[in-house]
Amino acid sequence: MRTARPLLPWVVWGVAALSYAVAVINRSSLAALGPATQQHFDIDATTLSMFAMIQLVVYAGLQIPVGTLLDRFGATTMILTGGLFMAAGQTIMATVADVWLAILARVLVGAGDACTFISVMRLLPEWFSVRQLPVVSQLTGLIGQAGQLVSVTPLALVVAGFGWTSGFLGVAAIGVLVMILGGFVLRNAPGDGTLAERLTGRVGRLSREARSLGAGEATGAFAMPPPETGMMPVITKRRMPGLGFWDKLRRLVALPGVRLAFWVHFTSPFALNVFILLWGTPFLTGGVGLDSATASGLLNIVVVSSMTAGLLLGPLSSRFVERRVFMNMGITTAVMLVWLAVLLWAGPPPMWLLIVLMIVMPFGGPASMIAFEVARSHTPRSFAGFGTGFVNMGGFIASLLVIVLIGFVLDLQGAGSPDHYSLTAFKVAFAVQIPFWLCGLTMIFVEQRRTKRWMQEHGRRLR
Ligand SMILES: N[C@@H](Cc1c[nH]cn1)C(=O)NCC(=O)O
């Protein structure tokens, strides 16, 4: 980093990444508590899966609104607001017995979660140079995945040992603690004050002196208005608060680089999300016939592989900027091929093939972070939050559709409940992923060519 106090960017990043890890803990807090949740609220499996679905729908649906608010109010406010929503949601979850209030709690958790990741991603280009960004982004993803490790076994142990209320109040309390820390540490950009400083009107020396640390125009996001589409007047201001939602969306989608980023995010993480969020354990136990201990051992490989992939892909995508989209396509193709091998295997796939799947499939998560690098290179700065939200929606739309379609295809075959699960039914159901990979890879190929042409026409170089 540039001059004095080179530690501050890392401290700000550390607290931002911690906030994201807390969001992931909140997001996956029911992952290992299925039976306990059913017992606590006296609900069936369908209602239980509604909890996950509603949360995902809220998360995906709020990406663009949150992105808009992010451009207006800044990352700190959004991260802290997200923390507040999640803590409120988990407090409700801890204290109510009514299922509708529990659903409201999951809506709040989904809304808070939606505020966090893209705000953290928005903060990074302000504090780090363009060369550091891929590595820092991947480290952020890695810390988020670590949150998943906390929410699975430790939370289940706390709930088993101290009860439902203590477990969820504990999650809320961790969130509040990290929010307080955030209020004293997070700054939208070098030179800006923390929330505590802004509230008291006294910007401290540390914040003032940090001005020299600014990444400024060195980041990928260029400070120009989005290109004209149609007959709209030229806009020369950097911030365009009055610009309507549809205008913003139209201008953003007019940029081939942003569309490319959307498809990169659409195509690479859904196989992992679908497996982790809902269908992995039923497939391994009800389909392949493994016992729960072996299945959860395989799921642990998924988490470790995803974290390792983040460590590898950060430096690689920073070093080979021109090749980053090809890296992403290569990983998606590898995930698709391993899944094809599993689906086409006659009978239950052997353990070695399942382990290969558990190692290769998680690369899709970190590979999807390349989408945010692409977005940063092509989104005008005044639209950065909106653009990040738009791109982040891609993977979650694909994940939601695949989750629903797998359930639908299982139902169509009469194999929609644990008593009727079968390997053949799961293989047919998981095949719904194939058109998503093919469509996504085709769109990436098309948009990459268009982006290249656009950059040549506008005399831009990739950064
Ligand atoms: N693809 C994920 C991030 C990731 C990194 N490593 C594994 N997954 C993503 O887009 N996340 C958004 C979020 O809110 O978590």
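Reader: By class, how many nonpolar, polar and charged residues does the shell around the ligand have?

Author: Start with the caveat: this is a predicted model. Then count by class. The shell around the ligand has 4 nonpolar and 9 polar residues, and no charged ones.

Reader: Which residues come nearest to the ligand?

Author: There are 13 residues around the ligand. Phe117, Gly141, Pro269, Gly365 and Ser368 come nearest. Next, trace the shell back to its elements. Helix H7 (133–162), helix H14 (292–319), helix H17 (364–368) and helix H19 (384–412) each give two or more residues to the shell.

Reader: Why does the ligand lie between the domains?

Author: Ask which domains supply the shell. Domain 1 (1–191) and domain 2 (244–463) both give residues to the shell, so the ligand lies between them.

Reader: How do I read the relation of the two domains? What separates their centres, and how many residues are in contact?

Author: Take the division, then the distance, then the contact. The protein chain is divided into domain 1 (1–191) and domain 2 (244–463). Their centres, taken over C-alpha atoms, are 21 Å apart. Across the boundary, 31 residues of domain 1 are in contact with 33 residues of domain 2.

Reader: Which helices supply the side of domain 1 that touches domain 2?

Author: Helix H3 (45–61), helix H4 (63–73), helix H6 (99–127) and H7 each supply at least two residues of that side. H7 gives the largest share, 11 residues. By class, this side of domain 1 has 19 nonpolar, 9 polar and 3 charged residues. Recall that H7 also gives two or more residues to the shell around the ligand.

Reader: Now helix pairs. At what angle do H4 and H19 cross, and within what distance do their axes come?

Author: For any pair, read angle, distance, handedness and contact. The axes of H4 and H19 cross at roughly 160° and come within 7 Å. An angle over 145 degrees counts as roughly antiparallel. That makes H4 roughly antiparallel to H19. The crossing is right-handed.

Reader: Which residues make that contact?

Author: From H4 come Gln63, Ile64, Val66, Gly67, Thr68, Leu70 and Asp71. From H19 come Ala384, Gly385, Phe386, Thr388, Gly389, Phe390, Asn392 and Met393. The contact divides into 7 nonpolar, 7 polar and 1 charged.

Reader: Is the crossing of H1 and H8 left-handed or right-handed?

Author: The crossing of H1 and H8 is left-handed. Helix H1 (residues 7–27) and helix H8 (residues 164–185) pack at about 160°, with axes 10 Å apart. H1 and H8 are therefore roughly antiparallel to each other.

Reader: Which residues of H1 and H8 meet?

Author: On H1, look at Val11, Val12, Val15, Leu18, Ser19, Val22, Ile25 and Asn26. They meet Val171, Ile174, Gly175, Val178, Leu181, Gly182 and Val185 in H8. This contact has 11 nonpolar, 4 polar and no charged residues.

Reader: One last pair. At what angle do H3 and H6 cross?

Author: H3 and H6 cross at roughly 35°, and their axes come within 8 Å. The crossing is right-handed.

Reader: What residues make the contact of H3 and H6?

Author: H3 brings Thr47, Phe51, Ile54, Gln55, Val58 and Tyr59. H6 brings residues including Val99, Ile103, Arg106, Val107, Asp113 and Ala114. By class, the contact of H3 with H6 divides into 10 nonpolar, 3 polar and 2 charged.

Key
Residues numbered from 1 in each chain as written. Predicted model: local features only at pLDDT ≥ 70, side-chain atom pairs only at ≥ 80, totals over all residues. Near = placed C-beta within 6 Å. Helix = DSSP H or I, 4+ residues; strand = E, 2+ residues; numbered from the N terminus. Nonpolar A, V, L, I, M, F, W, Y, C, P; charged D, E, K, R; others polar. Domains from an automatic or database assignment. Axes fitted to C-alpha atoms, helices over the stretch in contact; angles between N-to-C directions. Parallel < 35°, antiparallel > 145°, perpendicular 65-115°, else oblique. Left-handed = near helix turned anticlockwise from the far one by under 90°. Contact = placed C-beta atoms within 7 Å.
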